[in-house]
Amino acid sequence: MRSPEADAGPGGTEALPPTVAPQLRALRRRAALTLEAAARSAGLSPAHLSRLETGQRQPSLPVLLGLARIYGTTVSELLGETVADRDAVLRGAEQEPTRAGGWTYRKAGAPGRGMQALRVHVPYGSQGDIVRVHPGEEWLYVLRGHLDLRLGDTVHRLGPGDSAHFDSLTPHRLAAGGDDGADFLFVHTLLQSPTTALCLGPTPGDTHE
C-alpha cells in the first residue's frame, strides 16, 4: 500500500493557494498538537509535514482529508476558504430532485460544508456496474427496499434500518436489490475546492424534474 507521502509529489496535485501552508500550521497549533504528534496520526514523517507547512510540498487529497479529521476541522478551513452564512434547516418540500444515471437525488444538507448529505432513490438495474474509488468517507442508511453494497470483494445486502460507514478509497458500488428499487440517506465527505468535486454518479445528461 502506498503511503500518503507517496501521493503528494509536486505533480500530483494542482497548485493550492499560498495561504494553505500557514493555515496547516495554525490549525495544528490550535489543536494543541506537536509536529511529531500530528505527523504520526496522519501517517506522515515530521519532516514531510514540516515541508507541507512551509509550502515546500503540496498535500494530496487524502492527506488534506486526514489532517482535517485530526485537527477537528473541514478541508475548506484547511484551504483557508470562507463561506457565507447558511440556513441550518432545509425544508424537504423545497428541495428539487436531480437525476443522474437513473438515480434521483435530493439535497439533505446545506452546500459549502465539509460533508454532503443527500436523499437518494436507486431504481433496479441502474449503475450497478459502476465501481467508485475516491478520497473521503461515506455513510448511508437504508429507508426503503434493499440495497446491495459491494466493498472490495464482499457484497452486503442491506435492508430498511441497516447502515454502512466506510472509507471511500475502498472500491465500492451500490445497486438496488429488488424490482422496486431502494431509497437511502447518504452522507459523504468532499473537498470544498473550486478545482475538485466528488459525486455519486456520472453527471453527463443530468436533468432536473
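1. W103 and F184 are both buried (buried means under 20% relative accessible area, exposed over 50%, partly exposed in between; 1.4 Å probe, protein chains only). W103 counts as buried because its relative accessibility is 0%.

2. This is a predicted model: local features need pLDDT of at least 70, side-chain atom pairs count only at pLDDT 80 or more, and totals for chains, interfaces and linings use all residues. Residues are numbered from 1 along each chain as its sequence is written, and side-chain values use heavy atoms, with hydrogens and water left out.

3. Rings of Phe, Tyr and Trp (its six-membered ring) pair if their centres lie within 6.5 Å; planes under 30 degrees apart are stacked, over 60 edge-to-face, the rest tilted. The count here is four aromatic pairs. W103 and Y105 are a tilted pair, because their centres are 6.2 Å apart and their planes stand at 35°. Y105 is buried, at a relative accessible area of 10%.

4. W103 also pairs with F184, edge-to-face, at 6.4 Å centre to centre and 85° between the planes. The pair links distant parts of the chain: W103 sits in strand β2 (residues 103-107) and F184 in strand β9 (residues 182-189), 81 residues apart. Helices (H or I, at least four residues) and strands (E, at least two) are DSSP runs, numbered from the N terminus.

5. One aromatic cluster takes in W103, Y105, F184 and F186.

6. Now helix α4 (residues 61-71): its buried residues include V63, L64, L65 and Y71. Their cover includes α1 (20-30), α2 (35-42), α3 (46-53), α5 (75-78) and β9. After α4 comes G72, with a positive phi near 65°.

Terms used: Contact = heavy atoms within 4.5 Å.
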